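Colleague: Could you walk me through this model and show me how to read its features one by one?
Modeller: Gladly; let us look at it together.

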Amino acid sequence: MPYVNKPRPYKKEYEQYQGTETQKKNRAARNAERNKLLKTGKVHKGDGMDVAHKVALDKGGSNKQGVRVESAATNRSFKRDSKSNLVSEQSTREHKKKKK
């Protein structure tokens, strides 16, 4: 929690990522892949499922490297301990890759 005693710089964050070409391309790629799966019937609007890239777009992945359908909770969660405290902001997949 980096912004406990000071306000979060939303404008700065927006300028650094949200308004960039990279962010626009990533969003377009995500939407394109979800639309393909909508047409094939693998996902439906409001079904609580996410289309997850096997290699995350921000880690250099693309639609060509493959996607999978996961629950939103699985796709968006991080590892936590028994008291529900955040253990790692690294996904299990990323953690396994670093071990190799």
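**Reading the model**

Modeller: The protein has an accessible surface of about 8400 Å², and 51% of that belongs to carbon and sulfur atoms. Accessible areas come from the Shrake-Rupley method with a 1.4 Å probe, and for residues only the protein chains shown count as cover. This is a predicted model, in which local features need pLDDT of at least 70 and side-chain atom pairs count only at pLDDT 80 or more, while totals for chains, interfaces and linings use all residues. Residues are numbered from 1 along each chain as its sequence is written, and side-chain values use heavy atoms, with hydrogens and water left out.

Colleague: How many helices and strands does the protein have, and in what order do the elements run?
Modeller: Helices (H or I, at least four residues) and strands (E, at least two) are DSSP runs, numbered from the N terminus. Here there are 4 helices and 4 strands, and the order from the N terminus on is α-α-β-β-α-β-β-α.

Colleague: What share of the residues counts as buried?
Modeller: Buried means under 20% relative accessible area, exposed over 50%, and partly exposed in between (1.4 Å probe, protein chains only). Of the 100 residues of the protein, 16% are buried. Strand β1 is largely enclosed by the rest of the structure, because 4 of its 5 residues are buried.

Colleague: Which side chain does D50 join in a polar contact?
Modeller: A polar contact is a pair of N or O atoms within 3.5 Å; within protein, one must be able to donate a hydrogen and the other to accept it, and residues adjacent in sequence count only if both atoms are side-chain atoms. The side chain of D50 makes such a contact, of 3.2 Å, with the side chain of N75.

Colleague: Where is Q65 found?
Modeller: Q65 sits in the loop between β1 (49–53) and β2 (67–71). With a relative accessible area of 42%, Q65 is partly exposed. Beyond its neighbours within four places in sequence, Q65 is in contact with K54, V55 and G60. K54 is 11 residues from Q65 in sequence and 6.8 Å away in space, C-alpha to C-alpha. A polar atom of the Q65 side chain also lies 3.0 Å from the backbone nitrogen of S62.

Colleague: How many salt bridges does a search of the whole structure find?
Modeller: A salt bridge is a side-chain nitrogen of Lys or Arg within 4 Å of a carboxyl oxygen of Asp or Glu. The search finds 5 of them. One of these joins R8 and E13, with the closest N and O atoms 2.9 Å apart. R8 is partly exposed, at 42% relative accessible area, and E13 is partly exposed too, at 25%.

Colleague: What about K24 and E21?
Modeller: Their side chains meet in a salt bridge at 3.9 Å, N to O. Both residues lie in helix α2 (residues 21–40), 3 residues apart, about one turn of the helix. K24 is partly exposed, with a relative accessible area of 46%.

Colleague: And how far apart in helix α2 are E33 and K36?
Modeller: E33 and K36 are 3 residues apart, about one turn of the helix. Their side chains form a salt bridge of 3.8 Å, N to O. E33 counts as buried, at 9% relative accessibility.

Note on methods. Contact means heavy atoms within 4.5 Å.
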